Every structure is written in structure tokens, then in C-alpha cells.
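Student: I have a new structure open on my screen and would like to learn how to read it. Could you take me through it, feature by feature?

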Amino acid sequence: MASEKEVETVIVGNYEEMESEGKTGDIKSKLLSFLWHGGSVYDAWFSCASNQVAQVLLTLPYSFSQLGMLSGTLFQLFYGLLGCWTAYLISALYVEYRTRKEREKFNFRNHVIQWFEVLDGLLGKHWRNVGLAFNCTFLLFGSVIQLIACASNIYYINDNLDKRTWTYIFGACCATTVFIPSFHNYRIWSFLGLLMTTYTAWYLTVASLTHGQVEGVKHSGPTKLVLYFTGATNILYTFGGHAVTVEIMHAMWKPQKFKSIYLLASVYVLTLTLPSAAAVYWAFGDMLLDHSNAFSLLPRSPFRDMAVILMLIHQFITFGFACTPLYLVWEKAIGIHECRSLCKRALARLPVVIPIWFLAIVFPFFGPINSTVGSLLVSFTVYIIPALAHIFTFKSPAARQNAVEQPPKLVGRWAGAYTINVFVVVWVVVVGFGFGGWASMVNFVHQIDTFGFFTKCYQCPSPTSVHPPPLNATAPSPLPH
């Protein structure tokens, strides 16, 4: 017990964010600190909940139409628990890595720890390379999808410009995230983002119940195997938003508390996703198979326009969440990560935004990209790799005995943790990567055949085609969170 307390003191006491120097006691500095410098458990909770629940609110009803009400509800609960477990694994590995480095007198004062560095320190360069490849690719396409989703949403309240033009505009807006140094500085944004998604979730719920069921509504899901596994994979992706876990933990003053914070954040997210998805599916049923965005079925009103605007602002925040780890990797690659000048670092980060901007224009069909990223990248990045890394890090009796974070008694200590890890790997490989990858690739290839690259306005209604494309092949998958 004494050694554990000593470890906690080392981790917490030596943490000092690079922007914290030079504080004074005047009102201006205190206000700036209140809005800008966040490392408390509340900041971490806002970051986790805000990052996890974003745009997926608008597309979970579509997943319910693929899965049916019962399967949709059960998959949300199941993958919510699965996500909490793998987030716990990542947090345990982070604390283990940081403790070992602190004992070696390594100073993280101007250095943000990232997931690939944890893998490198605990398991070697091969694990580092695999983790870096999966994590960066996932976050890259996650940022791409945010830009495409911005254009899709704004089109519902202003169709004077096509979606490609809106992508240009929002790409320029999102590029301003280069000025946010790290997750330590997302305090006010995380708080506002969660308020925005909370409003949107309850707007969807109340508006659907007030609207009532459409005439002749049908709830026939699940009907096809492809649609079923596409919906299941999308929910797997919904609760896979902890690819930035290490960066959020590093921004905390007491990172040991992250595991309980993430659990509470997931519980809150379920209070938003379950009622809204169930209410919209109850009201519109199978119509959602042709309308992946719930905004498209609800009548236009000031409340709906407000929800659209709030989600657009939130997507700017989510873009920053996904892109900040990429900025940090790029800084380390070119050797300016420990530079004290915010302007120099922001200027150096701009090249990261350019390929994201370009890919958002090349692949405007965000649905199939989202589904493919979920099955091929998220499954490995936040489920399979953390579970395997935990197994191999603590495979020896000495490593288990000296571990900083012992598995909870509730799961059966090390034997229970090993069993759960093996289950996670097998389940995600078979259901998420296997069946989910098959279903998403079928849809993705069909999108390319139907629309091609660089399409100007993906799935926009045209005078010559008032009916949507064939249901089973072109209905897009849920947007990212």
C-alpha cells in the first residue's frame, strides 16, 4: 500500500502542463485559467462524454431500423460495457508505463504521452508501429468524416450551396483547431459540446414522440444479414471513441481516476442515445432505412434548426478531438513537440489538415467510410490491440505481482481479466472485423460504383430523381462521434 501511494504521488505531483508557467494572480489570468486550463476529473468527464456521443445521435435510429428495437437496445448496452472494459485496459497500461518512466526520473513536463509510446515502452517497437499505424489511420479518417458530416448537416438548413462547397468552408473553419495545444485546453469546449448534444438528444426524443407514428409505420427489422451486421458494427463504433484515452488521461491531474470517469460518462451517454434512437425508430420505423440522418425525417422548425446549428459547432469540437493526437504525432516527427511557442507549433500543424481536407472531397460518401473505418480500424485500435497488449504486458507472474493497477476483484482478478480479454478479441475479430468488415465493404464498393469519386453533392435530391437510390446498397451508415 505504501508503494502504491508513492507511485500515485509521483504521477500526480510531477505532472505540469507546458502552458501552466507564467501564471499570475490577476483576474485576467484567473479567468483564462478557468476557461483554458482543465485537468480535473470533471474536465475529463466532459471530454469523454462529449467525444463519445456527438453525431452518432442522428444516425443511431438508422441502426435501430437495421437491427430492430430489441437488438439495437441490447447491442448498445453490450458494446457500452465492452468499451468501458477496453478503456480500463488502456488506462491501466498508461499508468503502468508512466510509473515506470517516472521511476527512471523521466520528465513529461513538456511532453504529451500517446498510445503508441505506451506500447513502445511496455512491449517494444513492433507493437509501437502497429499501434501507431492503426491509431493514426483511424483518427485521420475520423477527421475526414467530421468535415463530410458538417456539409451534410448544414445542407438541411441551407441548400444554396452544394455539399462540396460546404466542405471547403468547414475545412477552413476546422483548421483553426491547430491553435489548441492539447486536451488540457478543451475545458470550455468539452462543456459546451456536451450541452449541445444533450439538447439534440432530447430534441429528437420529444419531437418524435410529439410527432407520433407516421401512417402505416412498420418495424420489420432485422430483415437482411448485411444490414444487421452493418448496424451492429456501427454501434461497436459508437462506443469506440476512446482512441484518445491516453491524451485525455495525460491532461488530468489525477489520471488514476480515469477508469471510473469513463464508466460514468458511458452511463450518461446511454441516457441520451437509448431514448432518442428508440423514439425516432418508434415514430418512423422502416422509413429510416432510406434516411440515415434523423434530421431528414423531422419537420423543419426553429427547434430543429437550433439542433442542426449546435451539432455543427459540436463537430468543430469533435474534429479537434480527433485531430489533436495527429498534431502531436506530427510535432514529434518533425522535432518541435517541446517548442514553447504556440504560434510556431500551430503553423507546423497546418500540413496535417491539408490531406484531411482533400480526402473529404475525394470520398464524400461519409456513410460507407464510417462503416468501413468502424470495422477495419476501430475494431483493432480500441478493442483488439488494447486487450492483447494487456495480456502480453502482464503475461509473467512477476509482471502481474508488480503491476501498479491490479484487476478488480469483481471480475476475478488476473484470471477473470485474461478471460474477458480473450472474449473481447474473439468477439470483435469475428463479429466486428469479420462480418462487419464484409458488410461495410459491400456497401463501400457499391457507393464507388454508383457515385464515383469527387461527387459534387452526395445523395442530394435532384429534379430528375425524386426517389432515393436502392435501399440495401446505398443507405449510408451512421455518422461518426
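Predicted model: local features only at pLDDT ≥ 70, side-chain atom pairs only at ≥ 80, totals over all residues.

Student: Where is Arg413 placed, then?

Tutor: Arg413 is in helix α17, which covers residues 413-451. Its phi is near 55°, a positive value in a residue other than glycine. With 38% relative accessibility, Arg413 counts as partly exposed, because that label covers values between 20% and 50%.

Student: Which phi value does Lys105 have?

Tutor: Lys105 has a phi near 65°, again positive in a residue that is not glycine. This lysine is in the loop between α5 and α6 (115-123). Its relative accessible area is 73%, so Lys105 is exposed.

Student: Now for the rings. How many aromatic pairs does the structure hold?

Tutor: There are 24 aromatic pairs in the structure. To read one, look at the distance between the ring centres and the angle between the planes; planes under 30 degrees apart count as stacked. Take Phe134 and Phe380: the ring centres are 5.0 Å apart and the planes meet at 20°, so this pair is stacked. Phe134 belongs to helix α7 (residues 125-154) and Phe380 to helix α15 (residues 366-393), so the pair ties together parts that are 246 residues apart in sequence. Phe134 itself is partly exposed, at 23% relative accessible area.

Student: How is the pair of Phe183 and Phe321 arranged?

Tutor: Phe183 and Phe321 are stacked, at 5.5 Å centre to centre with 15° between the planes. This pair also links distant parts of the chain, 138 residues apart: Phe183 is in the loop between α8 (163-174) and α9 (187-211), and Phe321 is in helix α13 (residues 302-334). Phe183 is buried, with a relative accessible area of 6%, and Phe321 is buried as well, at 0%.

Student: Which residues form an aromatic cluster?

Tutor: One cluster is made of Phe75, Phe78, Tyr79, Tyr228, Phe229, Phe423, Trp427 and Phe435. A ring can also have a charge over its face: Lys101 lies over Phe106, at 5.7 Å from the ring centre.

Student: Next, charged partners. How many salt bridges does the structure hold?

Tutor: The structure has 10 salt bridges. The idea is to look for a side-chain nitrogen of Lys or Arg within 4 Å of a carboxyl oxygen of Asp or Glu. Glu96 and Arg100 meet in this way, at 3.1 Å from N to O. Being four residues apart in helix α5 (residues 69-103), they are separated by about one helical turn. Glu96 is buried, at 4% relative accessibility, whereas Arg100 is partly exposed, at 32%.

Student: What is the N to O distance between Asp120 and Arg128?

Tutor: That salt bridge is 3.8 Å, N to O. Asp120 is partly exposed at 32% relative accessibility, and Arg128 is partly exposed at 26%. Another salt bridge joins Asp305 and Arg300, at 3.2 Å. Asp305 counts as buried at 18% relative accessibility, while Arg300 is exposed, with a relative accessible area of 53%. Bridges can also share partners, and in that way Glu331, Arg345 and Arg349 are joined into one network.

Student: How are two packed helices described?

Tutor: By the angle between their axes and the distance between the axes. For α8 and α13, the axes come within 10 Å and cross at roughly 60°. The two helices are therefore oblique to each other, and α8 passes α13 in a right-handed crossing.

Student: How far apart are the C-alpha atoms of Leu350 and Thr176?

Tutor: They are separated by 9.0 Å, although the two residues are 174 residues apart along the chain. Leu350 is in helix α14 (residues 342-362) and is partly exposed, at 35% relative accessibility. You can read Val56 and Thr197 likewise: they are 141 residues apart in sequence and 9.8 Å apart in space, C-alpha to C-alpha. Val56 is in helix α4 (residues 56-67) and is buried, at 2% relative accessibility.

Definitions and conventions: Residues numbered from 1 in each chain as written. Heavy atoms only, no water. Phe/Tyr/Trp six-rings, centres within 6.5 Å; stacked < 30°, edge-to-face > 60°. Buried < 20%, exposed > 50% of the residue type's maximum accessible area, 1.4 Å probe, protein only. Lys NZ or Arg CZ within 6 Å of the ring centre and 35° of its normal. Axes fitted to C-alpha atoms, helices over the stretch in contact; angles between N-to-C directions. Parallel < 35°, antiparallel > 145°, perpendicular 65-115°, else oblique. Left-handed = near helix turned anticlockwise from the far one by under 90°.
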